[in-house]
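Thank you all for coming. I would like to take you through one model this morning, beginning with a contact between two chains and then turning to each of those chains separately.

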Amino acid sequence: MNHYITLAIKTIFTDNMILAYFLGMCSFLACSKQIKTATGLAMATTFISTMTVPMNWLLKAYVLKKGALAWAGLPGLDLSYLSFILFIATIAALNQITEMIVDRFAPALYATVGIFLPLITANCAVLGATFFMDQRDYTFGESLVFGFSSGAGWGLAIITLAALRKKLWYSNPPAPLKGLGITMMTTGFMAMAFMAFAGIAF
Amino acid sequence: MSLFGKKERLIVIDGLWNKNPISFLVMGICSALAVTVKMQTALIMALGTTFVLSFGCMAVALIRNYIPSNIRIIVQILVVSVLVIMVDQVLRAFFFDLSKQISVFIGLIITNTLVLGRTEGYAMNNPPWPSFLDGLGNALGYSSFLLMISALREIFGSGTFFGFPVVPHFFYQAGYINNSIMVLAPGAFFLLGALVCIHRMITGHREEH
Amino acid sequence: MVNKESRLYPFIFAFIICSIASFMLASLSLKLKARQEMNVTLDVKRHIFDVLKLTPPLPKDVLPELALKIFNEKIEQVVLDASGNIVPGKKHEDIKEGEALYPLFIYREGGKVQGYCFPIKGKGLWSMLYGYLAIQPDGKTVRGISFYKQGETPGLGSEVESLGFQQNFEGKKIWDDALSQVEPVVVAKGKVSDRIPKEKWPYYVDGISGATMTGKGVTALLDHWIRVYEPFFQKQH
């Protein structure tokens with residue numbers, strides 16, 4: 001259990017998808033102008049990445065890995081060269097399905113969170129989480145924890161930045177620094193602050 | 001029609017400087033910043049992105065009249081993924097050590113919004129050759145930012161350039177130490193912010209709140 | 001020409017483009033597969049080359065085939081039991097999880113032993129550190145160390161992977177001749193020359209500033225593994 005908690009804390013804070021690996025930068029910058037938008041996107045991302053990382057783990061273990069197709073009578077087959085394409089396909093498909101379900105059964109939720117779902121297919125943080133799961137050889141349980149906490153960490157970062165940008169509204173930086181420049185600097189300071197969590201383990 | 005007329009040159013220069021994708025469109029920095037600690041990885045990443053972006057644009061432009069519009073995004077993703085997998089496979093075979101470090105980030109070129117932005121925004125409506133140049137120009141503009149950040153990070157963070165020591169020994173003896181913030185993530189954010197600021201000072205581009 | 005308005009058209013198009021894509025990828029993968037697999041097998045061996053510091057050194061861009069050949073010629077793989085005896089007929093792959101058997105690499109040049117090398121692993125601050133330790137033929141001196149996998153704090157603890165830190169270990173002692181007992185190498189907190197009495201210098205290496213906990217982890221894992229292999233090295237004194 002402690003192992004999972006340590007993994008979660010590490011993924012949310014010190015190995016934060018955006019502040020340590022720069023993943024999901026585009027929507028991070030584009031959707032952090034308002035706290036409400038940021039919160040919706042954060043929730044949707046957390047949900048999708050909690051779902052897709054374990055799903056892609058199953059895909060890897062039972063289809064893509066060398067010898068993974070032994071259950072289908074093809075023990076010699078190694079399809080790992082297709083992994084990139086199938087991982088992104090899973091994410092795109094899951095997004096589409098979730099969007100349809102939410103739209104059909106929970107229109108209120110769709111209005112707040114659902115509209116962000118199409119954005120998430122192209123969110124590097126989600127695909128990145130899958131790639132890290134693949135590269136670091138996580139177990140199924142670990143991939144579940146990692147999927148959730150990488151999304152949650154990303155969400156935490158974007159909500160925090162949205163709050164900070166609201167305050168920046170009242171500041172008056174030099175004109176060329178306005179917008180992207182000052183946001184980048186702010187993110188840099190956030191990254192430094194998050195590094196303070198280094199060293200927490202259970 | 002000439003292959004390198006004034007119009008064609010303009011397409012490349014637009015991407016490279018006038019409408020630099022990072023400074024203007026705020027696109028595609030996700031997959032790349034993480035590999036800017038060292039020049040070597042950044043260079044490979046830049047080459048990979050350039051290859052995928054220019055040929056991806058060309059391939060999409062070639063088949064643009066046949067793509068059914070309701071599945072066009074997924075077709076573009078497919079074309080890009082195929083090129084990305086090719087890059088990754090070649091790296092795995094010939095540059096194994098590098099590939100171990102950057103394979104994840106090479107894979108993430110698939111979701112690089114810059115790539116999808118160019119294929120959807122330009123290549124879907126233009127012939128192959130201008131699309132290729134547009135992709136190339138944007139990729140070069142993107143790579144130049146990447147390599148600049150990486151050069152600064154490696155020189156100030158590790159005192160090396162492409163792995164060769166560049167900070168003279170007597171600097172260290174005089175008490176100079178490498179700035180480890182450059183090796184860490186915040187350094188990249190600060191540098192990117194500063195570079196964007198400088199680029200906008202020169203080009204005069206402003207962003208409204 | 002297929003009718004673009006037809007409902008079937010997207011399916012036909014998707015089918016054709018997927019076939020082309022999979023054909024291209026499959027053929028590329030088939031072409032490069034042998035080379036990729038060679039790289040993977042060689043990957044582990046390369047760490048062993050690095051830590052043993054072959055004389056003459058391996059060229060940096062050596063072909064995988066040649067490197068594999070050199071490895072098989074010069075480096076012997078043996079298995080030790082808990083009291084340091086070589087178990088005949090056992091291979092590294094035969095060692096099961098939890099068995100008190102330990103892998104060892106012996107590097108020979110022209111029939112003469114040049115060095116020994118064994119895998120080490122242990123917890124750092126918050127990740128497992130994996131590496132190799134090489135010992136000189138006298139069984140008392142460190143020939144080299146290398147960590148190839150770790151997840152410590154970037155820029156601080158991750159410096160265990162840097163050449164600068166690893167070079168510190170070369171020539172350090174793991175055996176105290178005066179007391180005739182094992183004396184594993186310790187990572188000091190800070191610079192050795194500032195903090196450690198001079199007679200102890202052969203057993204200490206400079207710590208990494210800002211990475212005390214990682215240093216403690218390295219000390220603990222060295223202590224563990226050096227003691228595990230000590231019975232064998234005593235026989236070489």
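**Chains B and C**

The contact takes 17 residues from chain C and 17 residues from chain B, where two residues are in contact if their C-beta atoms, placed from the backbone, lie within 7 Å. On the chain C side, the residues that touch chain B divide into 11 nonpolar, four polar and two charged; here Ala, Val, Leu, Ile, Met, Phe, Trp, Tyr, Cys and Pro count as nonpolar, Asp, Glu, Lys and Arg as charged, and the others, Gly among them, as polar.

Please keep in mind that this is a predicted model, in which local features need pLDDT of at least 70 and side-chain atom pairs count only at pLDDT 80 or more, while totals for chains, interfaces and linings use all residues. Residues are numbered from 1 along each chain as its sequence is written, and chains are lettered from A and ligands numbered from 1 in the order in which they are written.

Let me take chain B next. Its secondary structure comes to 11 helices and two strands, helices (H or I, at least four residues) and strands (E, at least two) being DSSP runs numbered from the N terminus. The radius of gyration of chain B, taken over C-alpha atoms, is 19 Å, close to the 17 Å that the globule rule (2.2 Å times the number of residues to the power 0.38) gives for 209 residues, so chain B is as compact as a globular protein of that length.

Now to chain C. Five of its strands form an open sheet in the order β1-β2-β3-β4-β5, with antiparallel pairing; two strands pair if DSSP finds at least two bridges between them. The edge strands, each pairing on one side only, are β1 (75–81) and β5 (142–149) of chain C.

Within that sheet, β2 (residues 101–109) and β3 (residues 112–123) of chain C pair over five bridges, with Ile106(C) opposite Tyr116(C) and Tyr107(C) opposite Gly115(C). Their hairpin has two residues between the strands, and Gly110(C) takes a positive phi near 60 degrees there. On to the next pair: eight bridges join β3(C) to β4 (residues 128–135) of chain C, and Pro119(C) has Tyr132(C) in β4(C) as its bridge partner.

Finally, helix α5 (residues 212–234) of chain C lies across β1, β2, β3 and β4 of chain C, running at about 140 degrees to β3(C), where axes are lines fitted to C-alpha atoms, for helices over the stretch in contact, and angles run from 0 to 180 degrees between N-to-C directions.
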